[in-house]
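Reader: I have a model on my screen and want to learn how to read it. Please take me through it feature by feature.

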Amino acid sequence: MWDRIAEWLNAHPLTWGGTLAFLLALMRMRSRRAPWISTLFEALTCSLLSIGICGGLTSLLPAITPQSCVGIGSLIGYLGTDAIKKFITSFVSTRTGVSLKDRKE
């Protein structure tokens with residue numbers, strides 16, 4: 001049975017990366033003693049963010065293999081959505097010269 005599960009996970013690295021992001025975010029939030037609803041939403045957000053980023057990267061950059069989604073998902077789950085948001089805003093600000101913090105919606 002475990003052989004079939006491992007075979008399926010190897011065939012679907014996006015799912016495996018999203019699952020790892022979910023589990024790591026869940027453990028990170030529970031170690032901080034965050035409320036369950038916050039923990040659940042953070043874990044779901046990390047999981048979906050991992051799947052979205054991995055899907056986009058593997059489509060745009062052929063050098064990134066789908067198997068690297070496992071590592072990317074682990075990193076996203078470990079860092080969390082706040083760290084990813086800070087990284088993306090600083091990256092965009094550096095590349096474009098436009099500060100995203102100063103923009104009014």
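Reader: How many helices and strands does the secondary structure of the protein chain come to?

Author: First, the ground rules. This is a predicted model, where local features need pLDDT of at least 70, side-chain atom pairs count only at pLDDT 80 or more, and totals for chains, interfaces and linings use all residues. Residues are numbered from 1 along each chain as its sequence is written, and side-chain values use heavy atoms, with hydrogens and water left out. Helices (H or I, at least four residues) and strands (E, at least two) are DSSP runs, numbered from the N terminus. Here the protein chain has 5 helices and 0 strands. The order from the N terminus is α-α-α-α-α.

Reader: What does the C-alpha trace span along its principal axes?

Author: About 55 × 40 × 20 Å.

Reader: How do I read burial, and what percentage of the residues count as buried?

Author: Buried means under 20% relative accessible area, exposed means over 50%, and partly exposed lies in between (1.4 Å probe, protein chains only). Of the 105 residues in this chain, 23% count as buried.

Reader: Which residues make up the largest nonpolar core?

Author: A nonpolar core is a set of buried Ala, Val, Leu, Ile, Met, Phe, Trp, Tyr and Cys residues joined through side-chain atoms within 4.5 Å. The largest one here has 6 residues: Ala 21, Ala 25, Ala 43, Cys 46, Ile 76 and Ile 84. Helix 2 (13-31) and helix 3 are the elements that give two or more residues to this core.

Reader: How do helix 3 and helix 4 cross?

Author: Axes are lines fitted to C-alpha atoms, for helices over the stretch in contact; angles run from 0 to 180 degrees between N-to-C directions. The axes of helix 3 (residues 36-60) and helix 4 (residues 69-79) come within 9 Å and cross at roughly 140°. On the helix 3 side, the contact includes Cys 46, Ser 50 and Leu 57. On the helix 4 side, Gly 73 and Ile 76 are among the residues taking part. The class count is 8 nonpolar, 4 polar and no charged residues. For that count, Ala, Val, Leu, Ile, Met, Phe, Trp, Tyr, Cys and Pro are nonpolar, Asp, Glu, Lys and Arg are charged, and the others, Gly among them, are polar.

Reader: Is Ser 50 buried or exposed?

Author: Buried, because its relative accessible area is 1%. Ser 50 lies in helix 3. Not counting residues up to four places away in sequence, Ser 50 touches Gly 17, Gly 18, Ala 21, Gly 73 and Ile 76.

Reader: Which side chain does Thr 81 join in a polar contact?

Author: A polar contact is a pair of N or O atoms within 3.5 Å; within protein, one must be able to donate a hydrogen and the other to accept it, and residues adjacent in sequence count only if both atoms are side-chain atoms. The side chains of Thr 81 and Glu 42 are joined by one of 2.9 Å. Thr 81 belongs to helix 5 (residues 81-96). Thr 81 is buried, with a relative accessible area of 17%.

Reader: Where does Arg 33 lie?

Author: Arg 33 is in the loop between helix 2 and helix 3. Arg 33 is not a glycine, yet has a positive phi of about 60°. Its relative accessible area is 73%, so Arg 33 is exposed.

Definitions and conventions: Contact means heavy atoms within 4.5 Å.
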